[in-house]
Amino acid sequence: TVVSIVNILKRLFFDPKHFWTLAGLVVIADVALTQLIIRFIPFTEIDWETYMHQVKIYLDGERDYSAISGPTGPLVYPAGHVYIHALLYRLTDAGRNLALSQQVYASLSTVSLVLSCAIYRRAGGVPNGIVLLLPLSKRLHSIFVLRLFNDVWAVILAQLSILALSEGLSDLAVLLLSVALSVKMSVLLYLPAFLVVLVKQRGLATTIRLCFTILSVQGLLAYPFLLEHPLPYVKNAFDFGRIFLYKWTVNWRFLSEDRFLDPMFARVLLVGHATVLVAFGLFRWCRAAGGTIAVLNRAVQRPSRPGSPVPVTADEAITIALTSNLIGILFARSLHYQFYSWYAYQVPLLAWRTCYPTILKFIIVGAIEYAWNVYPSTTLSSAVLCISHVVLLGGIWFGYAEGRSHVFGKK
């Protein structure tokens, strides 16, 4: 009967016990959609040829980063990127077997979607039906299977790291985060959140030890390059002063090119990034533990004990990590189209960490997706993107910045 069907749909869309039933259907549908995209939409060469060209130089014995380049420029990613693409080079006949390459990335797309569903389930606080939004991004499918960008490897490793953090598996979380960092420097956007959660979860002494773990993993993976040519490696793989091309910016198109390239603008963004992180750290991310000062006092006085007197919930760890990433994206020097993969799957969950009406949450999600699908970016699309980021972050500030497990008097 109609009533029975309605009741089944209600349970499917809103009962947490049926989350994986709906998520499984979404994943299956996305697998089919991804195969249709590969079948009917042509691949667009952007960086894939460059990855393969650079890896060939590495496989031929070159270890000087300044001497490794390709059609679109020099090698600017850490060692993990090189090792992954060296494996792909061998697996796909130097990248010439495009069909196999796309199937590898189609598999990555499915893995990333499953991990996103797992993060949503672990965090809670969202209706099951929100997972229906996850496979709808045109741009995200393009990044995975029509462009084969390296960002997706870092994204998946970061997702695994966040899940491990939410489970209290701090050592594994940090190990995975460091491996993700060895693929792309953008993973550093999560570091402030990890430091906050680790101090609360494990204490100051363990947090310091885990910071050395991050450095050790980077050193171990980069050893062949650091041994002979350390400066070119550090300069290219972790170039904090990199100047981006105005023609590719998605987020600052509403500025003039002169303003975009102005070093003062870069410094303003850096100060803004640091200020907002500190504000969240001081006033939002430690409220459940009695406040930042209380957490720091406990951490300093008893460095081997957790800085928080109450357990860090999975929701809390995930929300803080995703918010830290969003803050970095808001103040990014420039966002290119492939960077959408850094947070596309996170936007709906973050929208449900605001106190906004449901319709406004959907508008934010839709506006961000719209902006990333305008090519080339326009004054309007980049303005919409920036405003959406600000509205979303503001909603989290006044909403559930430590997750819905800590409501602080909200209904």
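1. Contact here means heavy atoms within 4.5 Å, and helices (H or I, at least four residues) and strands (E, at least two) are DSSP runs numbered from the N terminus. The buried set in α3 is Trp48, Thr50, Tyr51, Met52, Gln54, Val55 and Tyr58.

2. A word on the source: this is a predicted model, in which local features need pLDDT of at least 70 and side-chain atom pairs count only at pLDDT 80 or more, while totals for chains, interfaces and linings use all residues. Residues are numbered from 1 along each chain as its sequence is written, and side-chain values use heavy atoms, with hydrogens and water left out.

3. Just after α3, glycine 61 takes a positive phi of about 115°.

4. On to the core. A nonpolar core is a set of buried Ala, Val, Leu, Ile, Met, Phe, Trp, Tyr and Cys residues joined through side-chain atoms within 4.5 Å. The largest one has 131 residues, and Tyr105, Trp153, Tyr343, Ile368, Trp372 and Leu392 have the most contacts inside it. Beyond its neighbours within four places in sequence, Trp153 contacts Ile84, His85, Leu88, Val104, Tyr105, Leu108 and Val183.

5. The largest pocket holds about 1,100 Å³ of space. Elements giving two or more residues to its lining are α9 (191-202), α11 (230-237), α13 (263-283) and α15 (314-330), and α13 provides the largest share, seven residues. A pocket, on a 1 Å grid over the protein atoms alone, is an open set of points where a 1.4 Å probe fits, with protein on both sides within 12 Å along at least five of seven lines; lining residues have an atom within 4 Å of a point. Grid points are joined across faces, edges and corners, and the volume is the space filled by probe spheres set on the points.

6. Of the 37 residues lining this largest pocket, Met185, Asp239, Phe240, Phe244 and Arg333 lie nearest its centre. By class, the lining has 24 nonpolar, six polar and seven charged residues. Here Ala, Val, Leu, Ile, Met, Phe, Trp, Tyr, Cys and Pro count as nonpolar, Asp, Glu, Lys and Arg as charged, and the others, Gly among them, as polar.

7. The second largest pocket contains about 730 Å³ of space. It has 27 lining residues, with Ile46, Asp47, Trp248, His336 and Gln338 nearest its centre. Our helix α3 (48-59) returns here: α3, β2 (73-74) and α6 (138-146) each supply at least two lining residues.

8. Finally, some backbone points to look at. Most residues other than glycine have a negative phi, and most peptide bonds are trans. In the loop between α4 (79-91) and α5 (98-123), aspartate 93 has a positive phi of about 55° and is partly exposed at 45% relative accessibility. Alanine 94, in the loop between α4 and α5, has a positive phi of about 60° and is buried at 16%. A cis peptide bond joins tyrosine 375 and proline 376, with omega about -10°.

Note on methods:
Buried means under 20% relative accessible area, exposed over 50%, partly exposed in between (1.4 Å probe, protein chains only).
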